[in-house]
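This report goes through one protein model for a reader who has not seen it before. It begins with a single loop residue and then takes up the surrounding parts.

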Amino acid sequence: MQALEQSRVSQLFGIKYPIIQGGMVWHSGWQLASAVSNNGGLGLLGAGSMYPDVFREQVQKCKAATQKPFGVNIPMFYPDIQELINIILEEKVKIVFTSAGSPKLYTEMLQKEGITVAHVVSSTKFAIKCEEAGVDAIVAEGFEAGGHNGRDETTTLCLIPNVRKHTSKPLIAAGGIALGSQMKAVMVLGAEGVQIGSLFAATTEASADENWKQKITTLQEGDTFLTLKELAPARLVKNKFFYELEELYNKGRDAEALDQLLGRARAKKGMFEGDLDNGELEIGQSSALINEILPVKQVFQNLLTQYTVAP
């Protein structure tokens, strides 16, 4: 495991293993983030599904639950983003992952406050923009990933070596990773760490509904699909809600109609409240590799064992 501990990603964040938990909406509360950090990785609070007062409470609970480094993930399209930034500064959060927007918006300001900044991208073009913006690390996410995604549908195995050629920053691979052997594969391609979402979504510590967690363990290849490119691309489970979206597509690509259908708190309904028919269910292709709900400690043990025995 010495190579993992010596990774630039491990050293940058002050963690034992370069394993970062995705800041997934409706999954990534303080229980999950602190458990990941306590097991040697980097836990992230998913601020995208939190009102500012809830976000502050989650940060405070996470600080109380772990003495290890943890961070927060903030999507740039969050409506009250300045309020979240203020809370980050007031609560002295040391690590911020930004996504779904320009890395130039907050990187310099956060770094001046002593905060380490990583930005999530889905293409080499945007990785270059991250380099220009001076972020501390880049997360390159292939379209296998769940939730909000890239429009170009570039796979992780194609994205990582190309991004590596164009940036000198510590590089974190994301999208489709749920096994230690996959960790080793992306590191051979040039990554220095991994960000994992779906696998941690199906843990006992994740804040999502139990019915949804059980559903994750039953998904097979082809059960998810990248859709909603007119708004913000997302990989969703094919359920009743998904086919309602498909029906709108058949009638024409009307972004306003799609937005109206989404505007009924669909993500919360599906992943947090457990409405598996009418809710928006975001998960990655790696869900086909997930067969049981496990505690975070066991997930780490499995990943590290698989990494060690992989060729």
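## A report on the predicted model

Thr167 is buried, with a relative accessible area of 8%. This is a predicted model. Thr167 is found in the loop between helix H8 and strand S8 (171-174). Leaving aside neighbours within four places in sequence, Thr167 is in contact with Glu131 and Ile138. The C-alpha atoms of Thr167 and Lys129 are separated by 9.8 Å, and these two residues are 38 residues apart along the chain.

His166 has its place in helix H8 (residues 156-166). Is His166 buried or partly exposed? His166 counts as partly exposed because its relative accessibility is 40%, and partly exposed covers values between the 20% limit for buried and the 50% limit for exposed. Not counting residues up to four places away in sequence, His166 touches Thr124, Ile128 and Glu131.

## Gly142 and its surroundings

Gly142 lies in the loop between strand S6 (137-141) and strand S7 (147-148). The relative accessible area of Gly142 is 0%, so this residue is buried. With residues up to four places away in sequence left out, Gly142 touches Asn149, Thr154, Thr155, Thr156, Leu159, Ala174 and Gly175.

| Pair | Separation in sequence | C-alpha distance |
|---|---|---|
| Gly142 and Ala174 | 32 residues | 6.3 Å |
| His166 and Glu131 | 35 residues | 8.8 Å |
| Thr167 and Lys129 | 38 residues | 9.8 Å |

## Residues with positive phi

Glu153 lies in the loop between S7 and H8. Although Glu153 is not a glycine, it has a positive phi of about 60 degrees. At 35% relative accessibility, Glu153 counts as partly exposed.

Trp26 lies in the loop between S1 and H3. Trp26 is not a glycine either, and its phi is positive at about 70 degrees. Just after H3, Gly40 takes a positive phi of about 105 degrees.

## Helix H3

Which residues of helix H3 (residues 30-38) are buried? They are Leu32, Ala33, Ser34, Ala35, Val36 and Ser37. What do the buried residues of H3 pack against? Their partners include strand S1 (19-21), strand S2 (43-46) and strand S3 (70-75). The helices they pack against are helix H4 (52-65), helix H10 (198-201) and H15.

## Domains and nonpolar cores

The protein is divided into domain 1 (1-207 + 287-309) and domain 2 (219-285). The centres of the two domains, taken over C-alpha atoms, are separated by 24 Å. To the contact between them, domain 1 gives 18 residues and domain 2 gives 20 residues.

How many residues are in the largest nonpolar core? The largest nonpolar core has 49 residues, and Ile19, Met183, Ile196, Phe200 and Trp212 have the most contacts inside it. Helix H15 (residues 296-309) supplies the largest share of this core, 6 residues. Domain 1 and domain 2 each contribute at least three residues to this core.

Ile196 is in contact with Ile19, Ile20, Gln21, Gly22, Ile177 and Leu303, leaving aside its neighbours within four places in sequence. A second, separate core has 23 residues, among them Ala47, Ile74, Ile81 and Ile87.

## The second largest pocket

The second largest pocket holds about 220 Å³ of space. Its lining has 13 residues, and those that lie nearest its centre are Glu221, Gly222, Gln285, Ser286 and Ala288. How does the lining of the second largest pocket divide into nonpolar, polar and charged residues? There are 2 nonpolar, 8 polar and 3 charged residues in this lining.

How values were computed. Residues are numbered from 1 along each chain as its sequence is written. This is a predicted model: local features need pLDDT of at least 70, side-chain atom pairs count only at pLDDT 80 or more; totals for chains, interfaces and linings use all residues. Side-chain values use heavy atoms; hydrogens and water are left out. A nonpolar core is a set of buried Ala, Val, Leu, Ile, Met, Phe, Trp, Tyr and Cys residues joined through side-chain atoms within 4.5 Å. Buried means under 20% relative accessible area, exposed over 50%, partly exposed in between (1.4 Å probe, protein chains only). Helices (H or I, at least four residues) and strands (E, at least two) are DSSP runs, numbered from the N terminus. Domain bounds come from an automatic or database domain assignment. Contact means heavy atoms within 4.5 Å. On a 1 Å grid over the protein atoms alone, a cavity is a set of points where a 1.4 Å probe fits but cannot get out, and a pocket is an open set with protein on both sides within 12 Å along at least five of seven lines; lining residues have an atom within 4 Å of a point. Grid points are joined across faces, edges and corners, and a volume is the space filled by probe spheres set on the points. Ala, Val, Leu, Ile, Met, Phe, Trp, Tyr, Cys and Pro count as nonpolar, Asp, Glu, Lys and Arg as charged, and the others, Gly among them, as polar.
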